[in-house]
Amino acid sequence: MAGAEPARERFEGVGLPAGNRIAVNGVGGVMRAIQVYEVGGPEVLQEARVDQPRPGPGEAVVEVAASGVNFLDVYHREGRYSLPLPFTPGAEGAGTVVEVGPGVDDVAVGDRVGWVEIPGTYAERAVVDSSRLVPLPDDIGFETAAAVLLQGMTAHYLVKDAYPVQAGDTVLVHAAAGGMGLLLTQLITHLGGRVIGTTSTAAKAELAKRAGAAEVILSSAVDDLAAEVKRLGGGQGLPVVFDGVGAHTFDASLASLRTRGHLVLFGAASGAVPPFDPMRLAHGGSLTLIRPSLGDFIADRSELLRRAADVFEWVRSKALEVTVTGRYALSEAAQAHSDLEARRTTGKLLLVPDAAAVGRREETQS
């Protein structure tokens with residue numbers, strides 16, 4: 001794709017060969033899946049009929065009930081994080097195990113499961129390394145699991161490991177009304193922190209406030225975002241900024257920090273941050289910058305299950321409220337990406353292979 005950022009980062013997950021096998025070597029029928037034959041804009045997301053997958057050793061085939069739509073999927077589609085072509089996008093899903101391969105003892109046929117960072121969820125069925133499947137409690141539905149696992153576990157490691165939020169911390173969260181921003185705002189508030197959020201519209205600001213944000217800045221309404229953050233922070237910089245936006249907010253994020261503050265850069269929704277001189281961190285007051293990835297915080301099964309269990313408990317206790325604002329049929333995958341990238345949405349978007357289950361989408365915010 002012309003102008004695409006070079007693929008500098010590995011795919012954040014495991015099981016890539018299994019994920020790609022969704023479109024090849026299948027026997028016993030065909031299924032619907034979204035295929036990417038060339039990288040580019042949303043229009044490259046094409047619905048196709050492909051072979052149904054069969055599990056290899058250590059793998060399970062899952063009938064997909066719902067798939068989360070994330071910026072990670074956009075990065076794969078654009079070629080920013082490269083995958084071998086053709087591929088089926090989507091890296092977060094939930095459904096029912098319908099077949100297992102040799103040597104599988106983590107799950108059984110009929111189990112309800114969820115998973116993250118395994119490619120191939122924009123389809124009616126996906127094949128997944130069984131060790132990466134998370135059993136779903138009876139009180140966690142498929143849509144809830146598909147909506148919360150990736151972003152919920154990301155929020156978990158951000159507030160517990162990347163920067164352990166303490167009671168009394170004032171924290172800046174960019175895009176506080178997005179799916180990730182709403183979860184972060186709720187968790188930081190749950191942990192006793194005070195959230196200053198940024199949003200693009202007044203309607204989104206109200207959503208962020210309902211999630212617990214103490215203050216919300218309309219980014220388009222201020223000339224100096226960092227100065228406004230410091231004003232709302234009592235005249236001084238903040239201990240931490242959680243930034244999933246990237247290029248458009250990076251400079252303001254650094255300028256919003258106090259001496260020895262921490263910038264947690266966990267995404268690039270507006271594009272990648274250009275290379276910069278590390279001396280900026282020293283001149284800013286001995287700042288630290290971390291660019292973490294979820295895969296490194298769920299590297300083994302025990303850590304994966306522990307984080308997932310915590311997220312489910314937060315959902316159960318209402319510390320996290322999952323907001324699904326858009327349900328799209330597989331054939332509407334391109335529209336889902338367009339809506340996400342244009343920031344016309346709040347909360348979480350899902351692809352639902354069963355078109356009959358797709359409900360009315362909430363009116364998007366402009």
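Me: What makes Asp251 and Arg280 a salt bridge?

Reply: The closest N and O atoms of Asp251 and Arg280 are 3.1 Å apart. A salt bridge is a side-chain nitrogen of Lys or Arg within 4 Å of a carboxyl oxygen of Asp or Glu, so this pair qualifies. It links distant parts of the chain: Asp251 belongs to helix 7 (residues 250-255) and Arg280 to helix 8 (residues 279-283), 29 residues apart. Helices (H or I, at least four residues) and strands (E, at least two) are DSSP runs, numbered from the N terminus. This is a predicted model, in which local features need pLDDT of at least 70 and side-chain atom pairs count only at pLDDT 80 or more, while totals for chains, interfaces and linings use all residues. Residues are numbered from 1 along each chain as its sequence is written, and side-chain values use heavy atoms, with hydrogens and water left out.

Me: Why is Asp251 classed as it is by relative accessibility?

Reply: Asp251 has 48% relative accessibility. Buried means under 20% relative accessible area, exposed over 50%, and partly exposed in between (1.4 Å probe, protein chains only), so Asp251 counts as partly exposed. Arg280, with a relative accessible area of 35%, is partly exposed too.

Me: How do you know whether Arg231 is buried or exposed?

Reply: Its relative accessible area is 54%, and therefore Arg231 is exposed. Arg231 also forms a salt bridge with Glu228, the closest N and O atoms being 2.7 Å apart. The two are three residues apart in helix 6 (residues 225-232), so about one helical turn separates them.

Me: What makes Arg77 and Glu78 count as a salt bridge?

Reply: Their closest N and O atoms are 3.9 Å apart, which is within the cut-off. Both residues are buried. In the whole structure, 19 salt bridges are found.

Me: Where is Arg80, and is this residue buried or exposed?

Reply: Arg80 is in the loop between helix 2 (71-78) and strand 4 (92-100). With a relative accessible area of 12%, Arg80 falls in the buried class. Arg80 and Gly40 are 40 residues apart in sequence, with 9.9 Å from C-alpha to C-alpha.

Me: How do you know which strands are the edge strands of the open sheet?

Reply: The sheet has six strands in the order 10-9-8-11-12-13, with parallel pairing. Strand 10 (215-218) and strand 13 (288-290) each pair on one side only, and these are the edges. Two strands pair if DSSP finds at least two bridges between them. Strand 8 (residues 170-173) and strand 9 (residues 194-199) are joined by four bridges, so they meet that requirement.

Me: What makes the unit of strand 9, helix 5 and strand 10 right-handed?

Reply: A crossover is right-handed if, with the strands pointing away from the viewer, the path from the first strand over the helix to the second runs clockwise. Strand 9, helix 5 and strand 10 make such a β-α-β unit. Helix 5 (residues 202-210) lies across both strands, at about 160 degrees to strand 10. Axes here are lines fitted to C-alpha atoms, for helices over the stretch in contact (heavy atoms within 4.5 Å), and angles run from 0 to 180 degrees between N-to-C directions.

Me: Which side chains show that both faces of strand 15 are covered?

Reply: In strand 15 (residues 348-351), Lys348 and Leu350 on one side and Leu349 and Leu351 on the other are all buried. Strand 15 is joined to strand 3 (residues 59-69) by three bridges, antiparallel, and to strand 14 (residues 324-328) by four bridges, parallel. From strand 14 the chain crosses through helix 10 (residues 333-341) to strand 15, and this β-α-β crossover is right-handed.
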